[in-house]
Every structure is written in structure tokens, then in C-alpha cells.
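Trainee: Could you show me how to read the features of this model, beginning with the chain and ending with the contact between copies?

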2 protein chains.
Amino acid sequence: MTPSAPQQVKEDLERLVPLLEAAYLKPFAQGEAPSLAQAMRYSLEAGGKRIRPVLCMLSAEAVGAAPEAALSCAVALEYIHTYSLIHDDLPAMDDDDLRRGKPTCHVVFGEGPAILAGDGLLTEAFTVLASDATLPPSRRVDALQVLGEAAGWRGMVGGQALDLEGEARTRAGEPVGLSELALIHRLKTGALLRASMELGAIAGNATREDRAALRAAGEAMGLAFQIQDDILDATSTEAAMGKRVGKDEGRGKITYPLLLGLAGARKALQEATERARCLLLSLPNPHSLTALATYLSERSA
Amino acid sequence: MTPSAPQQVKEDLERLVPLLEAAYLKPFAQGEAPSLAQAMRYSLEAGGKRIRPVLCMLSAEAVGAAPEAALSCAVALEYIHTYSLIHDDLPAMDDDDLRRGKPTCHVVFGEGPAILAGDGLLTEAFTVLASDATLPPSRRVDALQVLGEAAGWRGMVGGQALDLEGEARTRAGEPVGLSELALIHRLKTGALLRASMELGAIAGNATREDRAALRAAGEAMGLAFQIQDDILDATSTEAAMGKRVGKDEGRGKITYPLLLGLAGARKALQEATERARCLLLSLPNPHSLTALATYLSERSA
């Protein structure tokens, strides 16, 4: 009998997260800047959902490879996601003091060290992937290029810059529209989620068609993820989320519920999730990824 | 007749800097976050000595390759150097408002955008190098690994973290010794200068011996460079340097002149420069690099 989606996701996380966690602290075992390594480890160990590395390893499995084939990609993605949280939480950016239920990096270590911890994790992401001797160099440079474009100024960093600008304009009374909101999210959150699945495809040596399907499904799942994030910020509690909620509206952030209403946002979430599930159908082994897509659209934190 | 060192350096800079400047703004021609691209361009165009990219291209030439072979490495090095200046200048770090004679990035664009401009340049460095189809993938991953280790928490970022800690300890009256100062500089400045020459070796397809010689010469030149930087901070003027001077002592920074005296620092500078020149002698075509080593040890800004 095929397990239910939540059961499947639970089993996959129990299988894959330990692989990630056995690998991602290894580079920080030795070094000449121990307090910097401590700050990087602190943010990595704060936990979180590990969605990007799991998406990456499940994508490799979906095209018939072992999850270990995508392990360096998974580690790199988690480094980049963690660095982006550290920098986004800084006083000069979103100014958050709580993340994953713990004080944020700059609250514990200071602003300068937190900036450096983020810089160190970002750099280590590329270093770990470039050094993975289990992947042929041609696939490593392919993955590095996809990762760099998704994480950089054409992707995640660009999205955060547009988000900062959008907030300032909203506070000044200028309207931010749906297409602009969609662009911000596509860059800020969507690009790295999409890259997570494309990196799994590259590491798993996918066919061109399977890679394109994973890329498109990743785009749809990224959108669904962000809509659900906005819905949760508007409706959930701090205890359930492990971070401040209701902040979006307070600081003039434009969100899907604000633009579409809560019912409209939920409808857009369902549509994006369904699109992802359809795209995944063509893959050799899509079951776990499909279950995760369903699970993410129904998550409560 | 062989030109004098300053004449040789002048000719090399006139030849190589335009190659760099024709290449390094290209990725920022298009994009969906124009103000972010503007902040990145602002800091890139502020000028500077372009030492790292020139060292890189001259190292490729020293082992018999064309400087263009090392162009993507040179661009990546300049992105990383520029990002490191943007982040180091932030109020939470060294708090500098003037750099290369112009207001620093966060003074012009704000702190949040400056952090993002640095993140964008760092990410673009790896992206540009990973995407250089003129280099075989095996050499690209080799170069990416060397660059990542030199730039990251085991190198430059680690050095900056130790430097911040050292300043705090000095202000608290705890002594910082010569070996600790040497470690900070070896990581903070030396690692990327050494990598500049090693990347030139990799891009230029150097023999194992030539690569080792360039790496060791880079280590010595990095040390010389930092000693001269400290000497200039203690003795030069703001107008000549294009940045604040005399700040080191004011904020409790330990420097070579402070530890060795000015004469002792000058002697250490000469020794390191001589070591570099000797190591370069074994290369097929060392003349320009040797001239640059001499020139850097005598520079006045």
C-alpha cells in the first residue's frame, strides 16, 4: 500500500535529514577562526525544515539516482539558505531577533560577526560543491552555475533588494502590485527552491526532459511555498512558527493575502501545487516529491 | 634593453587593466534589480589598484599563457576583493566612510543595500568563473576550490573575524603578539593575494612546480603587501591614500610598525619581497611579475 503524503514525507525526512546533518558540519571541524566557526554552526544547527536539501536529494531520487549523489548540492543549498537568513535578519535588513525559536545570529554574536558568518557560509557553499570529487567536473560546474545564478543578484539577492525597496515605497504610500510581488517572490524565495530541484537533476544525471520538468515543478513549488508563508504570517502564532508573525503587515510588506484576500491566496496556493504535481508525473520516480509538494501546501509552520 | 620596474609595471597595467574593465561590468548589463546592480557597479568602478586581477593575469603569462586565459579568474578576484571592502567598511565592521577617495557603498546606498551588493558580488565571482567555457571544467573546479578556500572562513573571512576580535582585545588591554598579527594578515590579505597567483597558474595550465613556485611567491608578496599597507597607514596622508589614515592606531589595531618599529617593518618588507623575487626566478617568463613585486614594495599609496 502506498503511504499517505504526511507518512511518506515523515519517512523521507527521517531518511534524508540525517545524511545532511552528518555532512554539513564537517568543514567546520578545524580552523583558525574558532568563534566564526561557532557562529556559522549556531545558525546551521538552529534547525529549520531543511526543505531545500531534501527537495534536492528527492529530485535526484526522482530521476533514478541515490540521494547521496546530491549530497554536496544539498549541503551547499543549506549553507546558502542559512547565510541568507543571517543577513536578512540583520538590523539593517528585516531586523528580526528571533528565528526558528532561537535568538538570531547577530543577537548572540554581534552584527560584525554575523555578517562574516553569512559571508563564510556563502563562500563555503561554492567551495564544498566545487570540491565534490564524486561528481564529474562538468556536472560540478553546471551545478555551480545554476546555484550562483539562483542565489545571486539575478535571483535571491536581487529579490531581497527589491523587497527592501518595495517596503520603503509601501510605507511612502506608493502601491506595489501583484506582478511586482510575484517578481519579488520568484527571485527571493522561488529561485533557490527551483535551483534545489534542478541541482538534484544535475547531480542525478537526469535527461534533458526530466531536468526541465523538475525545474518547472520547482518554479511552481516555490510560488506555492511563498503564498503559504504569507498565509501563515497572517494567520498563525509565534509559538507555532518559531519566529515573529504578523510582522509583514506591520512593516508595510505586501503579501498575497493582502492582495488577493485569504480565500484568493488559498486558491492560488492550490493551483500552484497542482501544477507542480502534474509536472512531476512524467518522472521515473516522483512519489516522494509529489507527497512533499502536497505536504508543503498544507503545512502549519 | 629591459625596461625599469616602474616602467614595466606601467606598461603591464595599461595592457591588462582595460582587459579587466571591459569584462567585469558585463554581467550587470541586464537584470531585474537595477538599484542593486548600480550599487555593485559603483563599488567596482571606484577604481583601486586592481592588484589581484593583474597578479593573476601576469601569473598566467609567467607560465607561458595569454593573459586572457585568466580573465574570468581575474574578474572573480576583483569581485571578491570589492565585496570584502564593501562589507569591511560597514558600521558594524571597520566603519569607514571613505574608500578610494569616494564615499563608501553604505554611505551612498544605505547599509541594507550595501550588504546585498557585497553578497551579490561574492556570488557573482563564483558564477562567472563556473561559467567560463574557455576553461576545461576540471580547471574551473580546481580554481573555484582554491578561490573558495582563500576567500572563505579558512582565509579572508576568517582573518577579518580574527581582526575584529583582536581589536576588541587590544582595546581591553590584552596584548596581541607578532605571530597572531602574522596569522591575521596571512588570512585576511595574504590568502587572496596568494590565490590570485595560484589561479593564474591554474588558468595558464602551469606545471606542478611552477604552480607551487607561484603559490609560495604569492604568500611572500601577500606578507610584503600588508607590511607596506601598515607602514603607509602610519606615515602617509589621506590625500595620497584616498582613504582615512592613522585609523589603525586610533582603534587599537596592531600593526607591523607598532610591533617591530618603522625600521624593523621596512626590513621585514624587504626580506619578504626578496623571497618572492627569488621564487619567481624559476618560471619561464617572470619579468613582469618580478617588476610588480618590486613596485609594490616601494608604492606610496
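This is a predicted model: local features need pLDDT of at least 70, side-chain atom pairs count only at pLDDT 80 or more; totals for chains, interfaces and linings use all residues.

Mentor: Residues are numbered from 1 along each chain as its sequence is written, and chains are lettered from A and ligands numbered from 1 in the order in which they are written.

Trainee: How many helices and strands does chain A have?

Mentor: Helices (H or I, at least four residues) and strands (E, at least two) are DSSP runs numbered from the N terminus, and chain A has 14 helices and two strands.

Trainee: What share of chain A counts as buried?

Mentor: A residue is buried if 20 or more other C-beta atoms, placed from the backbone, lie within 10 Å of its own, exposed if 12 or fewer do, and partly exposed in between; by that rule 55% of the 301 residues of chain A are buried.

Trainee: Which residues touch the most other members of the largest nonpolar core?

Mentor: In soluble globular proteins, nonpolar side chains tend to be buried together. A nonpolar core is a set of buried Ala, Val, Leu, Ile, Met, Phe, Trp, Tyr and Cys residues joined through C-beta atoms within 7 Å, and in the largest one, of 198 residues, A:L199 and B:L199 touch the most other members. Leaving aside residues up to four places away in sequence, the partners of A:L199 include A:C56, A:A70 and A:L147.

Trainee: How are the two chains related?

Mentor: Two copies of a chain are related by a rotation about an axis and a shift along it. Here, with least-squares superposition on the C-alpha atoms of residues with pLDDT of at least 70 in both copies, a rotation of 180° with 0.0 Å of shift along its axis places chain A on chain B, at an RMSD of 0.0 Å. The copies are thus related as by a two-fold rotation axis, to which A:P137 comes closest among the residues of chain A, at 2.7 Å (C-alpha).

Trainee: How many residues does each chain bring to the contact?

Mentor: Counting two residues as in contact if their C-beta atoms, placed from the backbone, lie within 7 Å, chain A brings 46 residues and chain B brings 46 residues. On the side of chain A that touches chain B, α6(A) gives the most, with 13 residues.

Trainee: Why is α7(B) described as largely enclosed?

Mentor: Twelve of its 15 residues are buried, so α7(B) is largely enclosed by the rest of the structure. The cover over its buried residues includes α6 and α7 of chain A, together with α4, α6, α8 and α9 of chain B.
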